[in-house]
Amino acid sequence: MPRFSVIVPCFKVQGFLRECLDSLLSQSYADFEVIAVDDRSPDGCGAILDEYAARDERVRVLHLPENVGLGRARNAGLPHAGGDYLFFLDSDDTLTPGALRAMADRLAGSADPDVLVFDYARTYWWGGTRRNALAHILAEAEAGSGAGNGNGNGGGTDGTFTAAERPEILDLLMVVWNKVYRRDFVESNGFAFPPGYYEDTPWTFPVMLSAERIAVLDRICLNYRQRRQGNILSTTSRKHFDIHDQYERVFAFVDSRPELAGWRPYLHRKMGEHCLDILAKPDRLPPSDKKEFFRRTAEMFRSRRPDGEPVPAELRVLEHGYAAYRARRQAERARRELARRRTLVRRAAGARAQRAVDGVRARRPIDPQLVVYSAFSHRGVLGDPGAVYRKALEIAPQLRGVWVVRDEETAAGLPEGVEHVLLDSPAYRRVTARAGFFVNNVNWPGALAKRPGSVHIHTHQGTPLKYMAADLLNRPGARYGVDVPQMLRRADRWDHSLVANRHSELVWERAYPCHFASARTGSPRNDVLVGADPGAGAAVRARLGIPAGHTVVLYAPTRREYVRGGHVDRIDLARFAAGLGEGHTLVVRLHPSLATGHARGMGLADLHRRGVLVDATDEPHVEDVMLASDVLVTDYSALMFDYANLDRPIVVHADDWEAYTASRGTYFDITAEAPGHVSRSFGELARLLASGSWRDEDSTRLRAAFRARFCAYDDGHAAERVVRRLLLGEEFPDVAAAKVPAPGAAHEELAST
């Protein structure tokens with residue numbers, strides 16, 4: 001008997017069906033069966049299903065003699081299901097890699113609950129991806145239920161709970177496809193889908209209210225396709241009146257179960273909200289039918305109102321007529337427009353007043369002892385600016401260092417004693433008007449005017465492999481959303497551009513054709529890496545929970561420009577971690593631009609909670625993470641240039657190099673001039689790590705050449721060099737001549753785009 005029975009109803013989805021089936025049949029977890037139901041589809045769905053069934057014995061096809069609709073098509077597949085769990089997968093959606101394995105592990109860990117609820121992401125026809133906005137409910141439920149009743153919210157010792165113990169679980173999208181269901185539980189309760197639109201409503205509410213053991217999985221397991229056209233619920237039709245019948249079925253179910261009577265007020269409110277939401281959407285109901293829909297909703301709302309139950313303010317409109325409803329809607333639109341116009345007026349007036357104040361401040365003398373710092377768009381004391389700041393405190397205490405931070409939350413996380421101002425606050429405008437020095441690794445906001453006599457020091461964020469700034473002008477995909485001319489206008493304020501090697505010097509002078517001087521200082525943040533003791537990362541390992549003596553593999557992927565959102569699942573992380581074997585720990589650090597996106601929900605957060613790997617994406621100092629590792633596995637991240645200072649092995653995983661360089665553009669071929677071995681597939685990467693060849697003589701030789709070229713100015717004194725030379729105006733020795741490559745070592749390809 002398989003673990004999962006996946007029921008896939010199909011109707012007019014031939015353009016999406018193959019992608020759906022491929023995402024299912026390529027899962028690393030193979031203990032499942034597919035029951036594909038051809039709902040008399042008039043296109044090629046039936047033939048596609050037969051083709052897949054002929055080549056994979058896990059697929060069985062049921063061809064219905066007539067079209068019965070989505071709910072009844074699911075019902076048709078139920079008698080053929082033999083798995084422990086039922087999963088209803090819509091044929092235009094897709095599973096994420098590793099989804100079934102994650103589900104199976106969670107089911108086993110929670111002793112086979114009645115229902116498992118998992119997370120999803122919306123994927124849009126234009127390429128965008130957005131995670132479920134209520135994903136935090138799953139994270140809180142998973143964390144709060146894992147230890148039994150200690151949290152005071154109820155829940156079993158196996159991490160399960162009931163809807164009564166955690167009613168917020170019902171705030172999630174009440175659909176069938178973000179859950180799997182124990183088949184015995186479904187059969188014993190006789191659950192089935194009714195005909196009509198909104199068929200998920202009379203399935204999910206009875207199921208969730210009846211389940212005695214619910215578990216959750218805080219992981220994106222499904223991509224919910226948002227189609228530009230063809231979505232049934234976005235079709236203008238009277239079929240949307242079906243919502244009333246569907247809620248009547250929900251109320252009838254609750255009426256038949258006296259123990260569920262306490263849910264009537266909740267369902268009454270949900271019904272009102274749901275119906276008003278349908279009425280408010282412009283593409284659902286024909287305009288001529290909206291008055292009738294409102295009337296039927298109001299009648300049902302009155303008839304199903306529990307005795308003595310107050311009506312929420314937002315639903316009181318249902319106690320009045322359709323004319324009152326329309327008047328309220330028009331008033332709301334008018335209020336929004338008035339508020340928008342008032343905001344524009346206030347902003348214009350504020351801007352005029354601020355210009356006057358700034359003019360007064362600009363006449364005050366510059367303070368040569370005041371240094372204003374920022375890093376990574378005002379995220380705290382980090383990166384090269386952070387290293388310069390700490391060194392200035394040590395050797396130049398007479399300098400006053402002030403950090404610009406983006407919000408109060410960031411300010412609360414600053415080290416004790418760090419002076420700071422909030423971006424765009426009056427204090428920010430005061431210090432930036434008088435500062436003698438500005439140190440940043442990201443361009444300052446355009447509103448910041450450079451006063452004569454102030455000095456701007458730009459540190460960058462590492463050695464560039466991919467095209468930057470002006471070099472993006474011939475890469476329309478990579479520069480999407482990037483205003484290159486404005487970027488260059490802001491770079492015109494730079495006085496000094498820090499570089500760690502000759503390659504960076506040539507790139508920055510071409511990519512930013514501005515009037516700055518290149519400062520061959522090295523990268524200040526890399527000072528801690530140069531000549532680091534092998535035990536330097538022991539404290540970080542202990543803090544991350546890495547067992548003593550483990551070999552630590554750091555995986556640091558970068559973002560991709562050829563996919564909207566930047567995230568691509570290149571590696572099955574669970575499989576990668578397992579393949580490393582005993583005595584190894586996999587540490588993953590995502591690119592900062594992916595840290596708050598759906599990439600964390602694609603399995604990384606779940607694997608971290610289960611101890612399969614360590615998610616170090618939120619570690620504030622990437623230098624600490626590098627020190628804690630023994631080998632770096634990356635694709636095209638600039639982190640490799642910094643990591644080379646440690647003289648530890650580096651593996652470049654370049655399975656999509658051609659696509660990456662075609663979309664973003666690169667200054668040289670990292671696969672031909674790599675800092676270590678190069679893998680072109682997951683199989684090659686796994687064999688490389690398993691064999692131990694990642695640290696052989698070839699690896700050492702390649703790394704030595706790479707270090708000589710890209711770590712030439714990193715000698716451990718970069719921060720001191722910046723403070724003494726650029727902030728204090730003192731003499732300080734150059735980098736040792738032996739470390740500086742001859743001019744001939746520079747890249748000839750930098751001479752032309």
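Helix axes here are lines fitted to C-alpha atoms over the stretch in contact, and angles run from 0 to 180 degrees between N-to-C directions. Keep that in mind for the helix pairs on this tour. The model is predicted.

**Stop 1: helices α8 and α10**

Select residues 242-256, helix α8, and residues 290-303, helix α10. Their axes come within 11 Å and cross at roughly 10°. Angles under 35 degrees count as roughly parallel, so α8 is roughly parallel to α10. Now show the side chains at the contact. From α8, pick Ile243, His244, Asp245, Tyr247, Glu248 and Phe251. They meet Phe293, Arg296, Thr297 and Met300 of α10. Colour this contact by class and you get 5 nonpolar, 2 polar and 3 charged residues.

**Stop 2: helix α9 against α10**

On the α9 side, select His268, Met271, Gly272, Cys275, Ile278 and Leu279. On the α10 side, select Lys290, Phe293, Phe294, Thr297, Met300 and Phe301. By class, this contact has 8 nonpolar, 3 polar and 1 charged residues.

**Stop 3: threonine 201**

Go to helix α7, residues 201-210, and centre on threonine 201. Is threonine 201 buried or exposed? Its relative accessible area is 5%, and buried means under 20%, so threonine 201 is buried. Leaving aside residues up to four places away in sequence, threonine 201 touches Pro206, Ile243, Gln246, Tyr247, Val250 and His274.

**Stop 4: the seven-strand sheet**

Switch to cartoon view. Here 7 strands form an open sheet with parallel pairing. Trace the order β12-β11-β10-β13-β14-β15-β16. The edges are β12 (420-422) and β16 (517-519), each pairing on one side only. Neighbouring strands are turned by 25° against each other on average, direction ignored.

Zoom in on β10 (residues 367-374) and β11 (residues 400-405). They run parallel and are joined by 4 bridges. Which residue in β11 is the bridge partner of tyrosine 373? It is tryptophan 403.

Helix α12 (residues 383-395) lies across β10, β11 and β13 (435-440), and runs at about 140° to β10. Helix α14 (residues 426-434) also packs on the sheet, touching β10, β11, β12 and β13. The direction of α14 makes about 110° with that of β13.

**Stop 5**

Finish at residues 551-556, strand β17. In a regular strand the side chains alternate between the two faces of the sheet. Look at each face of β17 in turn. Thr551, Val553 and Tyr555 are on one side. Val552, Leu554 and Ala556 are on the other. In total, 6 of the 6 residues are buried, so β17 is largely enclosed by the rest of the structure.

Now show the partners. Strand β18 (residues 584-588) runs parallel to β17, joined by 5 bridges. Tyrosine 555 has valine 588 of β18 as its bridge partner. Follow the chain from β17 through helix α18 (residues 573-580) to β18: this β-α-β crossover is right-handed. Strand β20 (residues 631-634) pairs with β17 in the parallel sense over 4 bridges. Here, alanine 556 stands opposite threonine 634.

Terms used. Residues are numbered from 1 along each chain as its sequence is written. This is a predicted model: local features need pLDDT of at least 70, side-chain atom pairs count only at pLDDT 80 or more; totals for chains, interfaces and linings use all residues. Side-chain values use heavy atoms; hydrogens and water are left out. Helices (H or I, at least four residues) and strands (E, at least two) are DSSP runs, numbered from the N terminus. Angles under 35 degrees count as roughly parallel, over 145 as roughly antiparallel, 65 to 115 as roughly perpendicular and the rest as oblique. Contact means heavy atoms within 4.5 Å. Ala, Val, Leu, Ile, Met, Phe, Trp, Tyr, Cys and Pro count as nonpolar, Asp, Glu, Lys and Arg as charged, and the others, Gly among them, as polar. Buried means under 20% relative accessible area, exposed over 50%, partly exposed in between (1.4 Å probe, protein chains only). Two strands pair if DSSP finds at least two bridges between them. A crossover is right-handed if, with the strands pointing away from the viewer, the path from the first strand over the helix to the second runs clockwise.
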